Amino acid sequence: MNAERDDGGGPANDAAPEPYDATPFLPKRGKLPAHRRAAADCRGCPLHREATGTVFGRGDPHARLMLVGEQPGDREDREGVAFVGPAGRLLTRALGDAGIDEEGVYVTNAVKHFKFSQDEPRKRRIHKAPSLREMLACRPWLTAELRLVSPELVVTLGATAGRALLGPSFRVGTDRGVPRPLPAADGEDGLDEEVRQGIRVLATVHPSAVLRARDQDREGMYAGLVADLRTAAEVLDAL
């Protein structure tokens, strides 16, 4: 009798299962540029097989404010730069309306490879939300960015980013707009406790959710995003 795979994908082959852990690909030392170079070769989960490449974070390496989204979109995947697609343009506008200078911000994603579905090679690639297993596999890169940038405030954009930093019980609708301490991870995650204690987390919606909203809801959702970013600015001013 053939052995069965535990992921529902059919009979197993003789090859060892692909690991879900980016830790072996992190450099032993170095700052953000060294980590960005190392991330380009990450094979920490199967998402690397279909994506164009790794999309690492960008921005001020000493930023007081870090923004964390879900994963790269189609354009980010093609260009290799975080938040340069439609959601990124809307985020730039929202930051400006909230009085935040984007030049002093660091932006990244909880997952560094684009996950998508595509029925035919020439058809548009459709975003798919990363699984918990994929998010946890990529967590070492996000932890490294937190350690190296050491921001005072992290704004999570959307449900995946919120769960990545605040835990599986996080819900955008009930937990947004309120700054809270960065909770300890389950097990050792390589983040110094002094760094962890210096970071606050504030959740809001992802800009892509604003873009997907119905016309009659979009203005209100955008206003809510700007209001949360204004709260972020106020928190930073008070620190």
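I started with R75, which pairs with E79 in a salt bridge, closest N and O atoms 2.6 Å apart (my cut-off: a side-chain nitrogen of Lys or Arg within 4 Å of a carboxyl oxygen of Asp or Glu). This is a predicted model, so local features need pLDDT of at least 70 and side-chain atom pairs count only at pLDDT 80 or more, while totals for chains, interfaces and linings use all residues. Residues are numbered from 1 along each chain as its sequence is written, and side-chain values use heavy atoms, with hydrogens and water left out.

R75 and E79 sit 4 residues apart in helix α2, so about one helical turn separates them (helices are DSSP runs of H or I, at least four residues, and strands are runs of E, at least two, numbered from the N terminus). I get 38% relative accessibility for R75, partly exposed, and 43% for E79, also partly exposed (buried is under 20% relative accessible area, exposed over 50%, partly exposed in between, with a 1.4 Å probe and protein chains only).

Next I looked at D74. Its side chain meets R78 in a salt bridge at 2.9 Å, N to O, and both residues lie in helix α2 (residues 74-79), 4 residues apart. R78 is exposed at 53%; D74 is partly exposed at 27%.

D74 also bridges to R125, at 2.8 Å, N to O. R125 is in the loop between β4 (116-117) and β5 (126-127), so this pair ties together parts 51 residues apart in sequence. R125 is buried, at 8% relative accessibility. I noted a salt-bridge network linking D74, D77, R78 and R125. The whole structure has 12 salt bridges.

**Helices α4 and α5**

The axes of α4 (residues 132-149) and α5 (residues 159-166) come within 11 Å and cross at roughly 75° (axes are lines fitted to C-alpha atoms, over the stretch in contact for helices, with angles from 0 to 180 degrees between N-to-C directions). I therefore logged them as roughly perpendicular (65 to 115 degrees; under 35 is roughly parallel, over 145 roughly antiparallel, the rest oblique). M135, R139, L142 and L146 of α4 make the contact with T160, R163, A164 and L165 of α5 (heavy atoms within 4.5 Å).

**Helix α9**

D228 is in helix α9 (residues 215-238) and is buried, at 9%. Leaving aside neighbours within four places in sequence, D228 contacts R176, G177, L202, A203 and T204.

A227 and G177 are 50 residues apart in sequence and 8.2 Å apart in space, C-alpha to C-alpha.
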